[in-house]
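This briefing goes through one structure by topic. Look at the sequence and the model first, then read the points below.

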Amino acid sequence: MARMTLSGIKKSFNTTDVLHGIDLEIADKEFIVFVGPSGCGKSTLLRLIAGLDNISAGEFRIDDHRMNEVAPSRRGIAMVFQSYALYPHMDVYENMAFGVRLMGLEKAEIEQRIDEASKMLRLDPLLKRKPRELSGGQRQRVAIGRALVRKPKVLLLDEPLSNLDAALRSDVRLEIARLHREIGGTTIYVTHDQVEAMTLADRIVVMNNGKVEQFGSPRELYERPANTFVATFIGSPRMALLDVERSGNNLALAGSGSLTLGKLPAGGERELVIGVRPDALTIKTDASAEGFKGSVIYTEYLGDNTFVYVRLGDGTLVSVRADDAIDLKPDAPVTIQVAPDAIHYFSRSTRERLAA
Amino acid sequence: MARRLWITALIVPPLAFVALFVVYPIISAFAYAFFQWHGLARGEFVGFANFYKVLFTQPYADWTVNAFTHNVLVFFALMVLQNGIGFLLAYCVWRELPGAAFHRIAVFLPVVLSTIIVGFLFKLFLHPLFGVVNISLRGTGLGWLAQPWLGQGSTALWSLIIANAWHMVGFPTLVFLAGMQRIPGEILDAVRMETESEWVKISKVVWPLVAPSATVVFTLLFVGSFNWFELPYIMAGVDGSPHKSTDVLGLYFYRTAFGDQSGSGQDFGAGSALAVLIFVFIAVFAGFITFRLRKREIQI
C-alpha cells in the first residue's frame, strides 16, 4: 500500500518561492505524471517527495505517516534519475546490489531479486559490464533495475526518456508502461512531454509556475481542460484560443465575422475565449459560407494528416485538420467553420473554463 | 617551416636548461659515486666501495638506517595527517558545511608561504620559554603538558611532521576537492536514496571516485617525504638534532657530502652514493605506486 497525501506543500529557495501550496491525493498503485513547461516546479516537487530537498511548509504523508523529516533512504521510495546516476566504479550487478545490501537483506534474497529484475529488464548478459560500456538505453534499464530491486512502495522517474534518441523513446515508454502493469506500485513520472504524459498516466498533474493547474485523467484533461493553460498545453497541434464578443447566441471575432450557435454557456460575460482544436474545424474555400474568415499561411503534410495553418482576421493563427486532397495556396482566402459541440469556453478575465 | 622554427625556438632553451641543471648533475652524481674523493679533488675509481661503506660499515650503516626509518615514519605520518585531514577538509568544503567559503581559501593559504617562513614561525611557536604553544598551555592550566618540543628526541620529529602537515594540507585538499567536484550531483542523490550513513557515502562512492586524484597526491607525498630537507634543515639543523632524532636522508646526504656544522667529515664519494641510492629508491617506488594506483582509476 502506498497512498500519498500532499497538503499545502511549499518550497522556497532563499526568498524565491518555487512551489506555492500543492495539494494532491494519490491513490495506491496509480501511475501519476507531473507535466509542465521547464521551470514549473515539477522536478522540485519530485525531489521533495524523494526527500532530497526539504519541504518549506505543508505536510507530505505516505499511508498516513508524516514523511517531512524522514531520510530519503527510509521513505520506501526509489528514484530513477534523468542522467541515470549509475555508480561508474561498479558493474551492473553491483549497482543493483548496493542498495539492497544496505537494506540488510539476506544474500539469497538479494540474488533472487537481482535475478528477477535482470530477467524482466533483459540485463542478464550485461551484469559484469561497467556503466561506461553500456548504451544509453541499457543504462536506463540498469537505473530502473536498481530502483526495482529495492521493491519500493513508490517509484519516482525524473524525465527518464530525455537522454534517449527518438527511436528508442517510444520503446522505453512501452517498457515502462509494461513494468508498471507487472509490478503495480505507485509511480510518479516527471516529464515536459505531453505525449509521454497522455500515453502513460492514470492521472496527470499539469503544473505551471509552481501551481497545479489541473489534476485528472488524460481524457478529462483533453476533453474538459480547466483553464486556457491546460487547454493549450495538452494536445498537438495545440488548441487555438480566440477572443470573441458575445451578443445573444452570436460570437463575433474581430475582423473575421461571426458565428451563431444554438446554445452557449450560462452567465452574462460578454467577453469570452473559445478554444478550438484542429479536429473541431473545417475549412471552406467558398467565400459565402458562414464562419470566420481568414487566409492560408501554409500547409503541413504529414502523410496521415494534413494541417492547414490559417491566420484569422484578428491575427490569431489556427491549425485545421484538413482533407488530404485539399490544395491551398498561401494567402488564399478561406472560411473556417466550427463544430459547435467541440468548442471549449473560457472566461476572458479568469481564463477558467465556463460550464457549457 | 616558420612554424617548425618557432617550435624549435620554444623547445630548445628549456631543454638545454633542464639538461644542464637537472640531467647532467644526476648523471654526474652517478659517476661521482664510483670514485674516491679528497675534498673536492677526484681520486681513483673504487667501484661499489662507497655504496658498501654507507650501507654496511659503521657508523654509516646505523646513520643510514636511522635516517631511512625517520623518512618512512614521516611518509606514513603525513599520509594520515596531511592527506587524511586534507580529504576530510575537502569533503567538508564540498558538502558546503558552515564556513566552507572561508575555509576553501584559509586552508590553501599556508601552501603559498615559503618553507623558510613556516619553519621559522614554528620554531618561534615551539620555543620552550617564549613560544605561543607552551605559553598557551601554561595559561590554560595545562602547564604540565609544556615541553621543549624541538629539544627532545621524543617530540622533535613529530613537531616537524605537524609543521609540515599544517603547511601543506591545502594541497591535497585542493586536489581532492577538484576530484569531488567532478562527481555528478545526481550520483550523490542516488546514494542518498539508498543510505543516510556518511561513512558509506564516503567509503563506497566518494572515495572510489576521487581515487584518480589520490594517485598524484600519494606519489608526490612519497617523493616529498623521501626528499624531505628544507623544513628539518631550518627547524632542526643539518645534524638532525637533538641526537639525530630528526635526521632524515636529505640531511644525512647533505652532511656526508658537504660536511656538518663543524665542517668535518666531508666525504663526497659516500654522499654521492647516498644520493644515488635515494634517487633509485624513489624512482622505483614512485613508479610502482603510480602504476598500481593508475589501475584503479575510474572514468566518470
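Two strands pair if DSSP finds at least two bridges between them. Helices (H or I, at least four residues) and strands (E, at least two) are DSSP runs, numbered from the N terminus. This is a predicted model, in which local features need pLDDT of at least 70 and side-chain atom pairs count only at pLDDT 80 or more, while totals for chains, interfaces and linings use all residues. Residues are numbered from 1 along each chain as its sequence is written, and chains are lettered from A and ligands numbered from 1 in the order in which they are written.

**A sheet in chain A**

- Five strands of chain A form an open sheet in the order β13-β12-β11-β14-β20, with antiparallel pairing.
- β13 (257-260) and β20 of chain A are at the edges with a single partner strand each, so one side of each has no neighbour in the sheet.
- From one strand to the next, the twist averages 40 degrees; angles run from 0 to 180 degrees between N-to-C directions, and axes are lines fitted to C-alpha atoms, for helices over the stretch in contact.

**Strand β14 and its partners**

- Strand β11 (residues 240-247) of chain A pairs with β14(A) in the antiparallel sense over 6 bridges.
- Opposite A:Leu241 stands A:Gly275 in β14(A), and opposite A:Asp243 stands A:Val273 in β14(A).
- β14(A) is also joined by 4 bridges to strand β20 (residues 344-347) of chain A, and the two run antiparallel.
- A:Ile274 has A:Tyr345 in β20(A) as its bridge partner.
- Strand β14 (residues 271-276) of chain A is largely enclosed by the rest of the structure, because 5 of its 6 residues are buried.
- A residue is buried if 20 or more other C-beta atoms, placed from the backbone, lie within 10 Å of its own, exposed if 12 or fewer, and partly exposed in between.

**Where chain A touches chain B**

- 17 residues of chain A are in contact with 17 residues of chain B (C-beta atoms, placed from the backbone, within 7 Å).
- On the side of chain A that touches chain B, β6 (77-80) and α2 (92-102) of chain A each supply at least two residues.
- α2(A) gives the largest share of that side, 3 residues.
- That side of chain A has 12 nonpolar, 4 polar and 1 charged residues. Ala, Val, Leu, Ile, Met, Phe, Trp, Tyr, Cys and Pro count as nonpolar, Asp, Glu, Lys and Arg as charged, and the others, Gly among them, as polar.

**Domains of chain B**

- Chain B is assigned domain 1 (1-32) and domain 2 (50-295), with bounds from an automatic or database domain assignment.
- The centres of domain 1 and domain 2 of chain B, taken over C-alpha atoms, are 31 Å apart.
- Domain 1 of chain B puts 4 residues into the contact and domain 2 of chain B puts in 6 residues.
- The side of domain 1 of chain B that touches domain 2 of chain B has 4 nonpolar, no polar and no charged residues.

How values were computed:
Contact = placed C-beta atoms within 7 Å.
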